[in-house]
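Try each task yourself before you read its solution.

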Amino acid sequence: MDTIEKKAIKGGEFIIKETEAADIFIPEEFDEESQMIKKTCEDFLAAEVFPNLERIDAQEEGLMPTLMDKAGELGLLSVSIPEEYGGFGKNFNTSMLVADAVGAGYSFAVALSAHTGIGTLPILYYGNEAQKNKYIPKLGTGEWKAAYCLTEPNSGSDANSGRTKAILNEAGTHYLITGQKMWITNGGFADIFVVFAKIDDDANLSAFIVEKEFGGISMNPEEHKLGIKGSSTRQVFFTDCPVPVENLLSERQNGFKIAVNILNIGRIKLGAAAIGSSRMAINYAVNYSNERVQFKLPISKFGAIRYKLAEMATRIYATESAAYRAGQNIDDAYEALHAGGMDLAKAKLKSVEQFAVECAILKVWGSETLDYVVDEGLQVYGGMGYSAEAPMERAYRDSRINRIFEGTNEINRMLIVDMLLKRALKGELDLMTPAMAVAGELMAIPDFGAEDDSPFAYEKRVLKNLKKTGLMIAGAAVQKLMATLGKEQEILMNIADIIGYVYVAESTILRTEKLVSMRGEEACKGQLDMMRIYLHEAVDHTYLAGKEALNSFAEGDEFTAMMMGLKRFTKTAPFNIKDARQRVAKQIIEANKYCY
C-alpha cells in the first residue's frame, strides 16, 4: 500500500489533512501519448461533429450511429477497455482527458459518454468472463451500441424504488422482464441495454444485460428536449422480454450497488466533460469580444467584459485543477489495491468508490462552472447571443442538463456530507478529533506569533482556516441536530458548499505551486492571479454558507462564539481582486483564447 500512502490520501481526507504539491497530478504533466489521444478527439470533433451540428440536432436517421462507428474505428470508445478485450487499457486519468476533449461535442459527447460509461462499464466491471468476452469487444469497436435503463416515471433520485419486474419462467431458462424506463440516452439506436429490475418481490434491484434482439422491447418516439437535441432519448417498454439467466449481471439484488458505483464514475467524467465544454465556450466569448466594436473600441477593452472573461477562466482553471487531481488519486488507489492482490475489476471499482466524495464535488463544480461560462458567454454576445445563428445559443441550452444528469446537484451536495459522516461513523475517517480541536480553539486566545512568509504559506493558512470552518460547522450541526440532520437539507447543502470550496481551492493552490516549481514564477503570473482570485472567492462563499448554516441551528452564546470563530477563520489580507482579474483577462484577450 506504499503508493496510496505516499501519493493519495484517502477519499474525503482532504478536509482533515494537508497534501503536498509534489504528490498531486496536474494536467500539464500528461505525456506525449496522452496528448496525442486528446488531439485525436479534438480532430474528430472538428472533422465529423462541428460541421454536422444541425444534422445531429435534427436527429438525421443513422447519423449518430455512424459517428459512433467512426469514433470506434479511431479507438475513442475503447480507451479504458483492457487490451485483452481489444481496448487500449489506459488509466483513469487518461479517460478523464478523453471526456474533457470530447466534452465540447454537444449531443455527440452525450451519446459517446453514455455508451463508454454507463453502457459499457457495468459489464466490464461486474460481468463474468463469458459476458465480458461476448460483449466488451463489440462495445469497444462500436459494432454494438449501449444504453443504460435505470430511471422510471416514479423512480428518479430514489432509484431503488423502481417497479420493473423480472420473473423466472417455468423452465428456469429466462427472466421475463416487464416495466417502463424513461430518459434512456441512446435508446433509439442501442443494441445492448443494461436494465435494472427487481426479481419477484426482492427489496433491491438486480441488473441484466439485454440485447435488443431478445424481443419484447418497444419505444416511444424521441423526446423533444430543451437541449442536447441530437441525443437519442426515449422511453423504453419491456413486455415479457426474455433474458437468458446467464445474462444476470453480477449477483441477484446487486443492481443498486452497481448503479451507485457506476454513477460515481459518471459524475467525475461529467465534471471533466464540462471542462471541455467550458473551454470551448470561453473561446467563443473571447473571439467575439475582440471582434465586436462599440464606442469605437472592441468590447474586450471594457472592464465589465474583462470581469466576465477573467471569472470564466478562473473557474475553469480551478475545476480543472480538482478534476485531474482526483483522477490521479483514483489511479493511485487502483494501483495500490491491485498490487495488494485485489482483482482488477474490483480494484477499479473500489478505487472510484473510495473517492466518491470527490466525484460528487466534481460533478457539481463542473456543471455549475459550465453553466456560469455559457451564461456569461452569451451575455458577452449581447443580443446576438440570443440568436440561434450564434454558437452560444446551443451551448447555453445544452449545458443545462448537466446539473440534472448523474444525480441532481442537490442530491450530490447532500451525498458529499452524507458520505463523509458515514465514513466517520465507520471509523474510516477521524473527523471528530480535528472537529473537537477546532471547538477548543474557539475558546483559546489566538496565536499572534510570527507567521511563515514563504511562497504559498499565506494561501495555505487561509485554506487551513477554511477547513476549520467546515469542521466547526459540521461538528456543531451533528451535535445539535443528531438524527434529524439528514432531514435538514438546506444545512447539508451549506456544509457541502464549504467542503467543495475547500477541495477545489486546495487543488488550485497545489496545482499552481507545482507549476511554479516547474516553470518559475514569471511564467505563471496568470495562474497565480487565478489562484488568488479563486481563494478570495472561496473565503467569501464559505463565510456566507457558514453564516446561513449557523443562523439555521445555533442560538445564544453558542451562536455568538461560532460566529466569532467564523469571522476569525474567514479573515483575509487586503487583495485587489479587480486588478488581478484585469491581468488574467488581458492574457486571454491577447491570446484570443483560453491560454492556461
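**Exercise 1: The largest cavity**

The largest cavity has a lining made of Ser-80, Lys-90, Asn-91, Phe-92, Ser-95, Leu-121, Tyr-125, Ile-265, Lys-269 and Lys-348. Your task: find which elements give two or more residues to this lining.

*Solution.* Start with the ground rules. This is a predicted model, in which local features need pLDDT of at least 70, side-chain atom pairs count only at pLDDT 80 or more, and totals for chains, interfaces and linings use all residues. Residues are numbered from 1 along each chain as its sequence is written, and side-chain values use heavy atoms, without hydrogens and water.

Next, the terms. On a 1 Å grid over the protein atoms alone, a cavity is a set of points where a 1.4 Å probe fits but cannot get out; a pocket is an open set with protein on both sides within 12 Å along at least five of seven lines; lining residues have an atom within 4 Å of a point. Helices (H or I, at least four residues) are DSSP runs, numbered from the N terminus.

The space inside is about 80 Å³, a volume being the space filled by probe spheres set on grid points joined across faces, edges and corners.

**Exercise 2: The second largest cavity**

Work out which residues line the second largest cavity.

*Solution.* The lining consists of Phe-92, Tyr-125, Ile-330, Asp-331, Tyr-334, Lys-348, Ser-351 and Val-352. Then look at the elements: α10 (303-339) and α11 (344-354) each supply at least two of the lining residues. Finally, the space comes to about 40 Å³.

**Exercise 3: The second largest pocket**

Find the element that gives the most to the lining of the second largest pocket.

*Solution.* This pocket holds about 980 Å³ of space. Among its 38 lining residues, Leu-421, Ala-474, Gly-475, Val-478 and Leu-485 are the closest to the centre. Elements giving two or more residues are α14 (409-425), α15 (432-442), α16 (457-481), α17 (489-519) and α19 (556-569). Of these, α14 gives the most, with 10 residues.

**Exercise 4: Two packed helices**

Describe how α18 (residues 525-553) packs with α19.

*Solution.* The angle is about 175°, and the axes lie 10 Å apart. Therefore α18 is roughly antiparallel to α19 (angles over 145 degrees count as such). For the contact (heavy atoms within 4.5 Å), residues of α18 including Tyr-543 and Leu-550 meet residues of α19, among them Phe-559 and Met-562.

**Exercise 5: Confidence**

Where does pLDDT, the predictor's confidence in each residue from 0 to 100, stay under 50?

*Solution.* The protein averages a pLDDT of 95, and 98% of the residues score at least 70. The stretch under 50 is residues 1-6. Where pLDDT is low, the predicted coordinates should not be read in detail.

Terms used. Axes are lines fitted to C-alpha atoms, for helices over the stretch in contact, and angles run from 0 to 180 degrees between N-to-C directions. Angles under 35 degrees count as roughly parallel, over 145 as roughly antiparallel, 65 to 115 as roughly perpendicular and the rest as oblique.
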